[in-house]
Amino acid sequence: MGLLIGLALGLGVVFVSFVWRPARENARIEAARAARLACSCRYVGGRALGDCDKDMPKGRFPVSLAEDAGAHTVTASVPLAAAQTATYREGWGCQLQPWRD
């Protein structure tokens, strides 16, 4: 029984090291890209957020978009992995907020 528990823990460490961390970093990059593109589409291009969704490049992860119209932000999230927000500022365009760990 102890051998099975040790094997399961070892496989968990391997999974986290070689699969989860790189996948999470890639999800973070895709969320950042989607947030920036959707923010520009929405606040620079003046289009509805639902219309911006069709412009998103197809990546490896499903990305959902949410808008806070009062704060002029768009948040893109990859379920269970990452989220990133871009904020529109007059004269500066859309800028990503600092990475969240």
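Colleague: Which residues line the largest pocket?
Modeller: This is a predicted model. In it, Glu30, Arg33, Ala34, Asp53, Met56, Pro57, Lys58, Gly59, Phe61, Pro62, Val63 and Leu65 line the largest pocket.

Colleague: What volume does the largest pocket have?
Modeller: About 160 Å³.

Colleague: And which element gives the largest share of the lining?
Modeller: Helix α1, residues 2-44, with three residues.

Colleague: How many lining residues are nonpolar, polar and charged?
Modeller: Seven are nonpolar, one is polar and four are charged.

Colleague: New topic. How many aromatic pairs does the structure hold?
Modeller: One. The ring centres of Tyr43 and Tyr88 are 6.0 Å apart, and their planes lie at 20°. Stacked requires planes under 30 degrees apart, so this pair is stacked.

Colleague: Where do Tyr43 and Tyr88 sit in the chain?
Modeller: Tyr43 is in helix α1, and Tyr88 is in strand β3, residues 82-89.

Colleague: Are Tyr43 and Tyr88 buried or exposed?
Modeller: Both are buried.

Colleague: What sits over the ring of Tyr43?
Modeller: The charged end of Arg42, 5.3 Å from the ring centre.

Colleague: Now Asp68. Which residues does Asp68 touch, leaving out those up to four places away in sequence?
Modeller: Tyr43 and Thr73. Asp68 itself lies in strand β1, residues 64-68.

Colleague: Why does Asp68 count as partly exposed?
Modeller: Because its relative accessible area is 40%. That falls between the 20% and 50% cut-offs.

Note on methods: Residues are numbered from 1 along each chain as its sequence is written. This is a predicted model: local features need pLDDT of at least 70, side-chain atom pairs count only at pLDDT 80 or more; totals for chains, interfaces and linings use all residues. Side-chain values use heavy atoms; hydrogens and water are left out. On a 1 Å grid over the protein atoms alone, a cavity is a set of points where a 1.4 Å probe fits but cannot get out, and a pocket is an open set with protein on both sides within 12 Å along at least five of seven lines; lining residues have an atom within 4 Å of a point. Grid points are joined across faces, edges and corners, and a volume is the space filled by probe spheres set on the points. Helices (H or I, at least four residues) and strands (E, at least two) are DSSP runs, numbered from the N terminus. Ala, Val, Leu, Ile, Met, Phe, Trp, Tyr, Cys and Pro count as nonpolar, Asp, Glu, Lys and Arg as charged, and the others, Gly among them, as polar. Buried means under 20% relative accessible area, exposed over 50%, partly exposed in between (1.4 Å probe, protein chains only). Contact means heavy atoms within 4.5 Å. Rings of Phe, Tyr and Trp (its six-membered ring) pair if their centres lie within 6.5 Å; planes under 30 degrees apart count as stacked, over 60 as edge-to-face and the rest as tilted. A charge sits over a ring if NZ of Lys or CZ of Arg is within 6 Å of the ring centre and within 35 degrees of the ring normal.
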